[in-house]
Amino acid sequence: MLIGQLSDPHVRAHGVLYQGVVDSNQALIEAIDHLLRIDKRPDLVLVTGDLVDEGRPEEYAVARALLARLPMPYLVIPGNHDHRENFRAAFQDHGYLPAEGPLHYCVDDYAVRFIGLDSCVPTLHHGHIDADGLAWLDGVLESNPVKPTVVMLHHPPFVCGIPYMDEYRYIDPAPLAAVLQRYSNIELVLCGHVHRSMLRRWAGTVVCACPSTVTEIDLQLLPNALPSSHAGPRGCMLHLWDEHLGMLSHTSLVGESPGPYPFA
Ligand SMILES: [Fe+2]
């Protein structure tokens, strides 16, 4: 099974630039087309939050229209720039989303099980999942502790070292870790939010943050670093699941480079 991942497209209303400088809608088109040009197509695409920038219905209408370029099914989770109820309304035909409450879900229709978690705290930018959400997660994991499982949440549950992203980090990840580390079938925890590729061993599994389709947050580690980003490199991920080989994850950057060249 091939699983595509797009993250943090920050779609805006028609004619509005992201951060006043970047055409995030065009960038999402380019990321989707990039993903579709890979010679094997994903069976499913995951979109790991911040689908839109300000949570507005008109932004979701544009996001839906752009995501319609995907010929395969896709699953969505919300990010801190999404608005829970507008998000739910925009994707009301996505039957896996619950009718009320946090947007936690489990999709069991594929060779890999997909658990979507809503790590958003309405009106705030940091991440957290409350005790009810963790109890739900524990119950779902317990119902099938064997099937290979991918867990998605927008906020990486760790301190990343970039001060202006850690300000909006997942708060108190230990209870989430305590649930996940009880299960050995969690192949990956997939995140967005940090607009860069990151990898960490955590809670007995691997946490992987996907690049954004629109901007890359700059890699600065000093505590007084000021927030900054660039309009690229932008990217997406492709996760290859094979029942014998396990999971293998590729990051693919959007855009042209000189080539192709033969190599030997
Ligand atoms: Fe984002």
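Q: Is Phe 87 buried or exposed?
A: Phe 87 is buried, with a relative accessible area of 0%. Buried means under 20% relative accessible area, exposed over 50%, and partly exposed in between, with a 1.4 Å probe and protein chains only. Please note that this is a predicted model, in which local features need pLDDT of at least 70 and side-chain atom pairs count only at pLDDT 80 or more, while totals for chains, interfaces and linings use all residues. Residues are numbered from 1 along each chain as its sequence is written, and side-chain values use heavy atoms, with hydrogens and water left out.

Q: Which aromatic pair does Phe 87 form with Phe 91?
A: Phe 87 and Phe 91 form a tilted pair, 5.2 Å centre to centre with 50° between the planes. Rings of Phe, Tyr and Trp (its six-membered ring) pair if their centres lie within 6.5 Å; planes under 30 degrees apart count as stacked, over 60 as edge-to-face and the rest as tilted. Phe 91 is buried too, with a relative accessible area of 0%.

Q: How many aromatic pairs are there by this rule?
A: The count comes to 5 aromatic pairs.

Q: And why is the pair of Tyr 60 and Phe 87 called edge-to-face?
A: The ring centres of Tyr 60 and Phe 87 are 6.1 Å apart and the planes stand at 85°, so the pair is edge-to-face. This pair links distant parts of the chain, since Tyr 60 is in helix H2 (residues 57-67) and Phe 87 in helix H3 (residues 84-90), 27 residues apart. Helices (H or I, at least four residues) and strands (E, at least two) are DSSP runs, numbered from the N terminus. Tyr 60 is buried, with a relative accessible area of 2%.

Q: Which residues form the aromatic cluster?
A: Tyr 60, Tyr 74, Phe 87 and Phe 91 form one cluster.

Q: Turning to the sheets, what is the strand order in the sheet of 6 strands?
A: This open sheet has the order E4-E5-E6-E7-E9-E8, with mixed pairing. Two strands pair if DSSP finds at least two bridges between them.

Q: Which strands stand at the edges there?
A: Strand E4 (105-107) and strand E8 (198-202) do; each has a single partner strand, so one side of each is left without a neighbour in the sheet. The twist averages 20° from one strand to the next. Axes for such angles are lines fitted to C-alpha atoms, for helices over the stretch in contact, and angles run from 0 to 180 degrees between N-to-C directions.

Q: How does E4 join strand E5?
A: E4 and strand E5 (residues 113-116) run antiparallel and are joined by 3 bridges. Cys 106 stands opposite Ile 115 in E5.

Q: What about E8 and strand E9?
A: E8 pairs with strand E9 (residues 205-209) in the antiparallel sense over 5 bridges. Met 198 has Ala 209 in E9 as its bridge partner. The two strands form a hairpin with 2 residues between them, and Ala 203 in the turn has a positive phi of about 55°.

Q: What is the order in the sheet of 5 strands?
A: It is E3-E2-E1-E12-E13, again an open sheet with mixed pairing. Its edge strands are strand E3 (74-77) and strand E13 (246-254), each pairing on one side only. Strand E1 (residues 2-6) and strand E2 (residues 44-48) run parallel, joined by 4 bridges. The bridge partner of Gln 5 in E2 is Leu 46.
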